[in-house]
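Subject: Structure handover

Hello,

Here is the structure I said I would pass on. My notes on it follow below.

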Amino acid sequence: MKPTPNSRELAPLLAFGAHPDDIEFACGGVVARETRAGRTAHFVVCSGGEAASHGSPEQRAIEAEKSAKILGATLEFLVLDGDARLEMRAEHAMKLARIIRVVRPGIILAPSLVENQHPDHPKLGRLVRDAARLARYGGVEELREHAAHAIDLLLHYAVTDEAEPKDMTPLLIDISGGEVMALWTAAMAAHASQSATRDYQQLQLTRAKLHGLKAGVEYSIPLFSSDPIVLDSLVQLGRGARSF
Ligand SMILES: [Zn+2]
């Protein structure tokens, strides 16, 4: 893929997932949109998905590699406590912070903090939030090897409807358009083992369609910021979702 002329100005996108398919199903369309605009993207998957009902960790690693490649992202697996066993530990946050200092992203994507979902998801969301803080603290002994790094923004994604924070106004990212939708659909299809009993792909497309209707576009993916977003000017604002 050829970068666009201004791609040097776009800091990398870094996405964390608790399981091999979380990032792609929750917000693969957003990633495709960003990589097509010339931004580099890197995925960090924090378990092999070994507790899932379908697909061996080996099979799922192959699927995840294929899926990330379709979206134009690189991928690494990071072993923490294992699938369905993730605990809040300072050493985990240190490991994630080290990756943040190496990749030096502008935007980070992580699971939402809503409790009513897979227990690994909100825990990873909190660990990433902590790690983003540790990455910018100059005095953390364990991280001295790499220069401190302050990200621009942490955005949370929801793997399912239940994981969307109901008390927050989402940012609705317009992912309409043939190429991005084709890449997202192909990336989800690459996780073939996960569609054995439920059509997760259709579930995500329907959610995106619903959010698109709200936004007045064809398809849209919601992302959530825990922090106020700073704008240089109102010119940077898009439009509100009042079209339906
Ligand atoms: Zn998951």
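Which residues touch the most other members of the largest nonpolar core? They are C27, V31, F43, L109, Y157, I175 and W184, in a core of 33 residues. A nonpolar core here is a set of buried Ala, Val, Leu, Ile, Met, Phe, Trp, Tyr and Cys residues joined through side-chain atoms within 4.5 Å, and buried means under 20% relative accessible area (exposed is over 50%, partly exposed in between; 1.4 Å probe, protein chains only). Helix α1 (residues 22-36) gives this core its largest share, seven residues. A separate core holds 27 residues, including A18, L86, M94 and I151.

Before the rest, the conventions. This is a predicted model, in which local features need pLDDT of at least 70 and side-chain atom pairs count only at pLDDT 80 or more, while totals for chains, interfaces and linings use all residues. Residues are numbered from 1 along each chain as its sequence is written, and side-chain values use heavy atoms, with hydrogens and water left out.

One member of the larger set can be followed further. Setting aside neighbours within four places in sequence, L109 is in contact (heavy atoms within 4.5 Å) with L13, L14, A15, F16, C27, V31, L155, Y157 and L223.

On the fold: the chain has six helices and seven strands, taken as DSSP runs (H or I, at least four residues, for helices; E, at least two, for strands) and numbered from the N terminus. Their order along the sequence is β-α-β-α-β-α-β-α-β-β-α-α-β. The radius of gyration, over C-alpha atoms, is 17 Å, close to the 18 Å from the globule rule for 244 residues, so the chain is as compact as a globular protein of that length; the rule is 2.2 Å times the number of residues to the power 0.38. Buried residues account for 46% of the 244. Of the contacts between residues at least 6 apart in sequence, 79% join residues at least 24 apart.

On the metal: H19 (ND1), D22 (OD), D22 (OD) and H121 (NE2) coordinate the zinc ion at 2.1 to 2.5 Å. Donors are N, O and S atoms within 2.8 Å of the metal (3.2 Å for Na, K and Ca), and sites may look incomplete because water is not among the atoms. Along the chain the donor spacing is H-x2-D-x98-H. The four donor atoms subtend angles of 55 to 120°, which makes the arrangement irregular; four donors count as tetrahedral if all angles lie between 85 and 135 degrees. H19 is buried, at 6% relative accessible area, and D22 is buried at 4%.

Regards

Technical notes. Four donors count as tetrahedral if all angles lie between 85 and 135 degrees; four count as square planar and six as octahedral if opposite donors are over 155 degrees apart and all others between 65 and 115; anything else is irregular.
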